[in-house]
Amino acid sequence: MSSDMMPTQVKRKLVDNAGLADKVFRGVARGGGSLVLVLMVLVGTFLAYRAWQALSAAGVSFITTEQWNPDGGGFGIAAVIVGTVLIAFVAIAVAVPVAMGTALYISEYAPRRIKRTLVALVDLMAAVPSVVFGLWGAFFLQWKIVSLSRWISDWFGWIPIFKVGGVERHDPLATQTAYTSSTFIAGVVVALMVAPIACSVMREAFGLAPVGEREGAYALGATRWGMIRSVVLPFGRGAVVGGTMLGLGRALGETIAVVMIISPRFEIQPRVLEHGTSSVSSLIALRYGEASPFGISALMAAGVALFVLTLLVNFGAAFVVSRSRSGAVSEV
Amino acid sequence: MTVLRGVQPTAADTTEVVGGPEATRSEGPQAHATTVPSRPTGPNDQRRRRTSGLRRSDWFAIIGAFAAGTTTTGVLWTQLGPFTGALGYVIVTWFVTVLCYAALVSFDESRAVMRDRISAFVVHSLGLLLIAALGFVIEYTLQRGWRAIIHLNFYTEDVRSTLATDPLTKGGVLHAIIGTLIELGIALGIAVPLGLIAAIYLHEVPGRFSRFIRTVVEAMTALPDIIAGLFIYATLILIFHLGPSGFAAASALAVTILPIIIRASDVVLRLVPGSLKEASLALGASRWRTTWHVLLPTARSGLATAVILGAARAIGETAPVLLTAGATGYMNLNPLHGSMMSLPLLAFTQVQAPEKNEIARGFGTASVLLILVLLLFIIARVIGGRGPGELTARGRRARAAASRRDARRMSARHAHIGVAYPVTVERQEEAGP
């Protein structure tokens, strides 16, 4: 092809001949967007700035110190971050199987006439205030679950994380309070809070699994479970990971329910069934009132550490969901 | 055979259909004779078959496995082992039941079927577990709070002169209800317009800048609510000396729910069919008109849901309010000055007390909060249960009436100007449904 046969392909300039109303509209919209951006950036930079004061004073010891005495002695997030992560892991370990089972039940097994009710019920649970879960955990679950804690530590106490300090295994006279206010109990309560969130993400993706592929699996002789394993679960894998991460982000930041259950303890305490643990958000909730200005910036440094953690989790979730098929469908 | 379903089974075995109504009307000299093949007769032939997958033996297997599970664990618990506790009993029973069920099914089914049955059992029990647990949380709160919320004074008084030991006929949560509503109103007043405008911006003015804003908003949804509270505490209260107040609490709530509202509205706006917008633009409407008359009305129910879910979140948040509102037993109507109580915070402080009545009051407060959230949620379901653009019957009638009015107006105008316009066609359509 010679070049003179082709018409010259100059990139044309697109002129958008917007009227006055459109210009105003666009200006207002852009103004709103910018305002949101400014607000968010303000929160971020302010937190980072105030946190920097504490961080520069503490240096590396901020990550390695377990105690929290900003106005004398050292302070650091080693204990609280470990506590936060442990509570979140317990919550996820309990919540994800339950959420996945419920999502599969609603999308695959439930009779059609109760399906809508179940969906509404689970969505409603995601809106129940955390203080209600906290009340339930502190006044009911705590005392019912102690026997389970004791049973686990009696029979599986040889696994380090299930050990409980201060009591002998199989000691019938062991005091109940050795098992209360533990990471495990806080984790179970948080699990109930995050399970509906994870469940509704997963259910939506499972429901979108293509009908043609489902029927293909049945036509090839698959049982219902065979169909689920070969069609629904691979299709919803992204949503399972995404829902899990979303729940994890929520679990890391949960405050009130955790505050109502745990009793604070500033040391790295990996034994999940034992009395006493700590988390970043409960540290802030308990210490902000009596904190000096420097103490506030130390709390902010802890908060920023938590924020960075949840941010990583959320972006991880977004990345996984955007690369999966189920994520691609929801874009349409 | 099934294609002949229309033929009555009472018809004779061989029916000689001579012609038929069609043929007689055609007045043909020679009608065709059709021989319908015989079909199996007998009333039992057309019995409705059950499509349910469960046979009687399946029920026996489930019931048997459950009986075996409970009794085996019962023996373990009472006779053999040093086990105690109801919760452990239930959990071990479940595992034993699953094992027994697997064994029973494997006697007369293949492995694939066994796996199917076991997974169905597990999925059903997990679903039941979550729904039962969540239902129980609500039931427990309402039941413990019942003693407090049946007294009328619970809704008409505050707790300024109520001691923790006072009987439940004294003191109430009116100040917290008012405080919650004021804080919620201010928070929504800040977050909803800003959030909707930002969502429209993200959707209608695409470009690098709006992509950047979207990323920042997504990042901000990860902000733990306590840190939003800490931010407001450190700025408004410590730097600007506003003091703990309703406005500070409302700002903290607004910061918390703003990213949520933006993301939810963004998702809803994305569901509006592009063809609708393109049709509007192709008819010559400006972007502003398209947004106002097409995009927003189409997405209205979804946007309402986004806002109401944001409100439900804001009403239940305790952590930001804990840091910024202060706690008081007095009614306070001024959001700019003085502490202001809200429902979650009141419940949180009341249950810290060791007195029985105060704890009952705390549960009562939580019940009121729960009922408020339930109401909001039900409203959200009623409004937002439909997809974008779906109308109620009333909405459809209104829409049809509006378009008839438009047709009349346009035809009148064209008649006035004298332009040949196919008015009659529109009139005909008007007469339709």
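**A walk through the model**

Biologist: How many helices and strands does chain A have?
Modeller: Chain A has 13 helices and zero strands, and please keep in mind throughout that this is a predicted model.

Biologist: What confidence does chain A get on average?
Modeller: The average pLDDT of chain A is 84, and 95% of its residues score at least 70. Over residues 327-332 of chain A, however, pLDDT stays under 50, and the model has four contacts for them beyond four places in sequence. Where pLDDT is low, the predicted coordinates should not be read in detail.

Biologist: OK, new topic: what is the radius of gyration of chain A?
Modeller: Chain A has 26 Å, whereas a compact globule of 332 residues would have a radius of gyration near 20 Å. Along the principal axes, its C-alpha atoms fill a box of roughly 95 × 60 × 40 Å.

Biologist: And which residues have the most contacts inside the largest nonpolar core?
Modeller: That core has 198 residues, and those with the most contacts inside it are V189(A), V190(A), A198(A), M202(A) and L230(B). Because domain 2 (56-147) and domain 3 (174-386) of chain B both give residues to this core, it lies between them.

Biologist: What is A198(A) in contact with, leaving aside neighbours within four places in sequence?
Modeller: Its contacts include A95(A), V96(A) and A99(A), as well as G243(A), T244(A), L246(A) and G247(A).

Biologist: Which residues does the second, separate core include?
Modeller: That core of six residues includes A61(B), Y101(B), L104(B) and V105(B).

Technical notes
Residues numbered from 1 in each chain as written. Chains lettered and ligands numbered in written order. Predicted model: local features only at pLDDT ≥ 70, side-chain atom pairs only at ≥ 80, totals over all residues. pLDDT = per-residue confidence, 0-100. Contact = placed C-beta atoms within 7 Å. Core = buried A, V, L, I, M, F, W, Y, C linked by C-beta atoms within 7 Å. Buried ≥ 20, exposed ≤ 12 C-beta atoms within 10 Å, placed from the backbone. Domains from an automatic or database assignment. Helix = DSSP H or I, 4+ residues; strand = E, 2+ residues; numbered from the N terminus. Rg over C-alpha atoms; globule rule 2.2 N^0.38 Å.
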